[in-house]
Amino acid sequence: MAHPAQLGFQDAASPIMEELLHFHDHAIMIVFLISALVLYIISLMMSTKLTHTNTMDAQEVEMIWTILPAIILILIALPSLRILYLMDEINSPHLTIKALGHQWYWSYEYTDYEDLMFDSYMVPTQDLQQGFFRLLEVDHRMVVPMESPIRMLISAEDVLHSWAVPALGIKTDAIPGRLNQTTFITSHPGLFYGQCSEICGSNHSFMPIVVEAVPLKHFENWSTTMLTA
């Protein structure tokens, strides 16, 4: 969960988000080195009046400033492509959940169960319990077993929505008439908050998402309770 004045990302709760954080640090370090080099060259040019005309026209220099950016782009592109393939890889998920966006709430359907489905509405401010987060808490959380591959099927019934949970590294558009899919694995138990990240209407910011990761035994008890309710 993010906190006020936080400068960095939320703590990673999935292997994909950990990879994204590592890639972010890798790219920022490259940007920092390039910025430092450019700043040094600018300061050097402004602090001296000496100009070596032969150096400015040398073919070797032109080759260096052509090849070096290409190498830098490769160093950024290869880890990025690796993460993209990891995010699209779906191998024998243990559970499949369908998320359907509405104006303005989410519906969840556990497709591996016959009648396990529910709507998830934001809890009004006047009904919040002590310690709950305003505009982020819902009446029915999406419960998943931890350390298990989960496949999400995401769509919408009316307008464009976006199912996004930053701690899990997920942001997938919900498009009417189209079924998008993504996958995630929660690395530890906890509550992970998200919101609709598409401007889907006047109340689009009131479509919170709460993913509750629990041990498998607790998930089985929860699913049994929901089916018998």
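Entry 1: I started with serine 92, which sits in the loop between α3 (59–88) and β1. Its phi is positive, about 40 degrees, although serine 92 is not a glycine. I noted that this is a predicted model, so the angle is a computed one. Is serine 92 buried or exposed? I looked up its relative accessible area and got 61%, so serine 92 is exposed, the cut-off being over 50%.

**Entry 2: a cis peptide.** On to omega. The bond from glutamine 103 to tryptophan 104 is cis, and I read its omega as near -5 degrees. Where does tryptophan 104 lie? I found it in the loop between β1 and β2 (105–110).

**Entry 3: the open sheet.** Next I traced the strand order. Five strands form an open sheet, and I wrote the order down as β3-β2-β1-β5-β8, with mixed pairing. Which strands stand at the edges? They are β3 (117–120) and β8 (180–184); each has a single partner strand, so one side of each has no neighbour in the sheet.

**Entry 4: β1 against β5.** I zoomed in on one pair of that sheet. Strands β1 (residues 95–102) and β5 (residues 150–156) run parallel, and seven bridges join them. As one example of who faces whom, I noted threonine 96 opposite arginine 151 in β5.

**Entry 5: serine 155.** I stayed in strand β5 for serine 155, which is part of it. Its relative accessibility is 8%, so serine 155 counts as buried, the cut-off being under 20%. What lies 3.0 Å from a polar atom of its side chain? I found the backbone oxygen of arginine 178 there. Then I listed the contacts of serine 155, leaving aside neighbours within four places in sequence: among them are Ala99, Leu100 and Gly101, as well as Ala174, Ile175 and Gly177. Arg178 turns up in that contact list too, along with Leu179.

**Entry 6: β6 and its partners.** Last stop, strand β6 (residues 161–165). I checked its burial and found five of its five residues buried. Both faces are covered: His161, Trp163 and Val165 are on one side, with Ser162 and Ala164 on the other.

How many bridges join β6 to strand β7 (residues 170–174)? I counted five, and the two strands run antiparallel. Valine 165 has isoleucine 170 as its bridge partner in β7. The hairpin of β6 and β7 has four residues between the strands, and I noted a positive phi near 70 degrees at glycine 169.

I then looked at β9 (residues 190–196), which is antiparallel to β6 and joined to it by two bridges. There I found alanine 164 standing opposite glutamine 195 in β9.

Note on methods
Residues numbered from 1 in each chain as written. Predicted model: local features only at pLDDT ≥ 70, side-chain atom pairs only at ≥ 80, totals over all residues. Heavy atoms only, no water. Pairing = 2+ DSSP bridges. Buried < 20%, exposed > 50% of the residue type's maximum accessible area, 1.4 Å probe, protein only. Polar contact = N/O pair within 3.5 Å; in protein donor to acceptor, adjacent residues only side chain to side chain. Contact = heavy atoms within 4.5 Å.
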